[in-house]
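Notebook open, model loaded. I'm jotting down what I look up as I go.

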Amino acid sequence: MSVEVERKFLCNADTLKTLQEIGVCLGQRQFCDQYFDTPKFDLTLRDMWLRKRKGCWELKCPTTSNGTEERSGEQSKAAALCSRYKEITNLPEIQLRVKEVIKDVCADRETEMSPSQEDESWLSKINLVCFAEFTTVRRSFTLEEEGVQVDLDQADFGYHVGEIEVLLPEGGDLQSALEKIERTAGKLGLTGDQRVEGKMHVYLKSNHPEHYAKLLSEHIL
């Protein structure tokens, strides 16, 4: 299991030029994301994000920060601009975590499944439905800073956003990851102390305002 530490940013022409000068482009790819939850938003209201991308399942869960209270004001500000999630990609473990959250599992809700549907039968059994689906074109860059990747995303609903990302093993050095992200942000000339909205934030605001409002009220978004 890994922990994804990430800072989002809005990319302008100057940022892109700098990124092309100091980074190495890893190429461009396109993928479709589908996000699942119950009709009552049991997962996302706990800041858990179940996603299927290119046939693979991923579950992002919140992670507690280590020692952030002890850091200086500047360090805390840098941490506040970043998100931190555990990333689970093992399907049996994902199913276990999801079922722990959704207590009212309809165990008796057995339906006939064809072999092609079988791997997704667990979704209907615990009343999970797709609430968001969109396609992203992503350009990825790597920089000299070890373990840092920068992605530029263009979603098919018109939103562009950049991400500086470091992946850690669980229990890894969070402080080091935050420092790498802060140094990279400095090299890219990023300023401002407001967190930038992610793709899901913008998608829900436009397409599912009720769901969006509930997540806001619970301070998830």
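**Helix 3, the cap.** I started at the N-terminal end of helix 3, which is capped by asparagine 90. In this predicted model, a side-chain oxygen of asparagine 90 sits 3.0 Å from the backbone nitrogen of glutamate 93.

**Helix 3, the faces.** Next I asked which residues of helix 3 (residues 91-101) are buried. I get Ile94, Gln95, Val98 and Val101. Looking down the axis of helix 3, I see these buried residues fall within an arc of 125°, so they line one face of the helix. On the face turned away from the buried side I find Pro92 and Leu96, both exposed.

What covers the buried residues of helix 3? My list includes strand 3 (49-53), strand 4 (56-62) and strand 5 (82-88), plus helix 4 (121-125).

**Cysteine 130.** I went looking for this cysteine and found it in strand 6 (residues 129-142). Leaving out residues up to four places away in sequence, cysteine 130 touches Gln34, Tyr35 and Phe36. I also checked cysteine 130 against proline 39: they are 91 residues apart in sequence, and their C-alpha atoms are 9.5 Å apart in space.

**Histidine 201.** This one is in helix 6 (residues 199-207). I call histidine 201 buried because its relative accessibility is 14%, and the cut-off for buried is under 20%. Its side chain makes a polar contact with the side chain of glutamate 197, at 3.4 Å. Not counting residues up to four places away in sequence, I have histidine 201 touching Tyr212 and Leu221.

**Helix 6 against helix 7.** Two packed helices are described by the angle between their axes and the distance between the axes, and I noted both here. Helix 6 and helix 7 (residues 209-217) pack at about 125°, and their axes are 6 Å apart. That angle makes helix 6 oblique to helix 7.

Which residues meet there, between helix 6 and helix 7? From helix 6 I wrote down His201, Leu204, Lys205, Ser206 and Asn207; from helix 7, Pro209, His211, Tyr212 and Leu215. Sorting the residues of this contact between helix 6 and helix 7, I get 4 nonpolar, 4 polar and 1 charged.

Notes
Residues are numbered from 1 along each chain as its sequence is written. This is a predicted model: local features need pLDDT of at least 70, side-chain atom pairs count only at pLDDT 80 or more; totals for chains, interfaces and linings use all residues. Side-chain values use heavy atoms; hydrogens and water are left out. Buried means under 20% relative accessible area, exposed over 50%, partly exposed in between (1.4 Å probe, protein chains only). Helices (H or I, at least four residues) and strands (E, at least two) are DSSP runs, numbered from the N terminus. The arc is that of the directions from the helix axis to the C-beta atoms. Contact means heavy atoms within 4.5 Å. A polar contact is a pair of N or O atoms within 3.5 Å; within protein, one must be able to donate a hydrogen and the other to accept it, and residues adjacent in sequence count only if both atoms are side-chain atoms. Axes are lines fitted to C-alpha atoms, for helices over the stretch in contact, and angles run from 0 to 180 degrees between N-to-C directions. Angles under 35 degrees count as roughly parallel, over 145 as roughly antiparallel, 65 to 115 as roughly perpendicular and the rest as oblique. Ala, Val, Leu, Ile, Met, Phe, Trp, Tyr, Cys and Pro count as nonpolar, Asp, Glu, Lys and Arg as charged, and the others, Gly among them, as polar.
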